[in-house]
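Me: I have a model open and would like to learn how to read it. Could you take me through some features one by one?

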There are 2 protein chains.
Amino acid sequence: MRVFKEIQPLRAYLKQIRASAKSIGFVPTMGALHSGHLSLIQASKKDNPITVSSIYVNPAQFNNPKDLAKYPRTLAEDLAMLENEGCEVVFAPSNEEMYATTPTLRFDFGGLDQILEGQYRPGHFSGVALVVAKLFNIVQPQVAYFGQKDFQQVKIIERLVEELKFDLHLRCMPIVREPDGLAMSSRNKRLNTEERKQAPLIYQSLVQTQQRLQQGQSMSQIRNDIAHQMAQAGIRLEYLELVETQNLSQLDHVVPKSVLLVAAYVGEVRLIDNLMLE
Amino acid sequence: MRVFKEIQPLRAYLKQIRASAKSIGFVPTMGALHSGHLSLIQASKKDNPITVSSIYVNPAQFNNPKDLAKYPRTLAEDLAMLENEGCEVVFAPSNEEMYATTPTLRFDFGGLDQILEGQYRPGHFSGVALVVAKLFNIVQPQVAYFGQKDFQQVKIIERLVEELKFDLHLRCMPIVREPDGLAMSSRNKRLNTEERKQAPLIYQSLVQTQQRLQQGQSMSQIRNDIAHQMAQAGIRLEYLELVETQNLSQLDHVVPKSVLLVAAYVGEVRLIDNLMLE
């Protein structure tokens, strides 16, 4: 496994690779890897002769400096896990390498970036789009893999690829869960023992919401109950929304392509999850 | 010369080309070609074994629908001129090909896009960045050529390339002028005989401003006089500014890297020009 910290040597190496390899698969990450990330690596390995992964905690997508400071960083373990999965190339740049000049460019996705996560994390999706565009231009993959856990992020990146005509395919892979249902997330490492015990309530609330919607209950009634249940477990519900999967516009009842999106604070740790409804 | 109207066949063709050609030079245009454009083709021909040019009047960069409607369109002549210069590949897409979905993405360059041209043409540079990013991702050139006449556009594209890490070099080529000094522009075709006679005053005003700055006169005094001279010739000055060449911040006096930027209406036709000062 080759590890690069700088853009130019990576580009030179991939240029050679590209001459013979039929396709390059790309798995961008912020490190602190878990089985969710590894499922993306496995998918890429299956589809492409060469898999490139990046490990970079992108400051531009953090609206909360505390969240950025506390984001888990486990580079040595991450590299061992990637090597173990057979990942061929890793790009782990510094901030100076990724942002040689102070960023001035911001993206506006005409509303999609302002709702849900965007409402609670102003500027988040502009920062995501900026770093993903950079990484796509650095790695120039044929296929890029993202996890469905960050559902709205996937939608934003779909728009980015379509509107800027990036020459690649996106693949969105299913959420990987702990045995108790908690969606895998790097932020789970920040939960203390008590918080970890309560955290599965987030996923359970999605399942409960699905069942109650099937029984004909309204989102506002369900949301109130869930917020109350969570509060009793020390979890603060930020949003619980039923939306259609394309523009994420709010729904009152389940339609053929709907998804439940949830965000909640377990202690100081903000977690998100989602559930597709058929 | 190969002419493509669709993205996928162009990509397939350039993929073959790229396997053997050392570099692809790219000259994006909005057609209505003149010697200024041809100087870019010539520069690209000198630098690269393959030159790709695009002809596309990008609606997203026109704030004024009338300006868009009246923008000269001369595809047959353009193709003849490009063939004559030895351009190898032309991309002339439809709006449907470039904007398969309604564009929702907008770029914000943190101020640089709001001043000068941006002040008078709201949204212009977001539209420019959008189409240039698309074209870069479609053509994937090693070198891209732009004319200095659109000075602020060049600065915006420099930022775009730096901040999104496009894997290419930009070359900015000097303004090509008519014998009477008028900067070549596709919009010159819209001038009637009388307007065409008056239009060189725009360049003359830049030269006059340079001389008067050297004599120690203030920009505000010079600007008043120039606006008056122009008005007498039926030209309406929109702006005349002395700025430094990096962030285009306004200057009171000439510094080592300064440029004079001007925009004026000759009848209904809006023209721009600039002059680097050493």
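Me: How many residues does helix α11 of chain A have, and how far does it reach from its first C-alpha to its last?

Reply: A word on the source: this is a predicted model, where local features need pLDDT of at least 70, side-chain atom pairs count only at pLDDT 80 or more, and totals for chains, interfaces and linings use all residues. Residues are numbered from 1 along each chain as its sequence is written, while chains are lettered from A and ligands numbered from 1 in the order in which they are written.
Helices (H or I, at least four residues) and strands (E, at least two) are DSSP runs, numbered from the N terminus. The expected span of a helix is 1.5 Å times one less than its number of residues. Helix α11 (residues 219-232) of chain A has 14 residues and reaches 20 Å, close to the 20 Å expected.

Me: Which residues of α11(A) are buried, and which are exposed?

Reply: A residue is buried if 20 or more other C-beta atoms lie within 10 Å of its own, exposed if 12 or fewer, and partly exposed in between, with C-beta atoms placed from the backbone. In α11(A), the buried ones are Ile222(A), Ile226(A) and Met230(A). They share one side of α11(A) because they cover an arc of only 65° around the axis, taken from the directions from the helix axis to the C-beta atoms. On the other side, Ser220(A), Gln221(A), His228(A), Ala231(A) and Gln232(A) are exposed.

Me: What covers the buried residues of α11(A)?

Reply: Look for contacts: two residues are in contact if their C-beta atoms, placed from the backbone, lie within 7 Å. The cover includes α10 (201-214), β8 (235-244) and β9 (258-266) of chain A.

Me: In what order do the six strands of the open sheet in chain B come?

Reply: Two strands pair if DSSP finds at least two bridges between them. Here the order is β1-β4-β3-β2-β6-β7 (chain B), with parallel pairing. The edge strands, β1 (2-4) and β7 (169-173) of chain B, each pair on one side only.

Me: How many residues does each chain give to the contact?

Reply: Chain A gives 24 residues and chain B gives 24 residues. On the side of chain A that touches chain B, the largest share, five residues, comes from α7(A).

Me: In what sense do β5(A) and β5 of chain B pair?

Reply: β5(A) and strand β5 (residues 106-108) of chain B pair in the antiparallel sense over three bridges. To find this spot, look for Phe107(A), whose bridge partner in β5(B) is Phe107(B).
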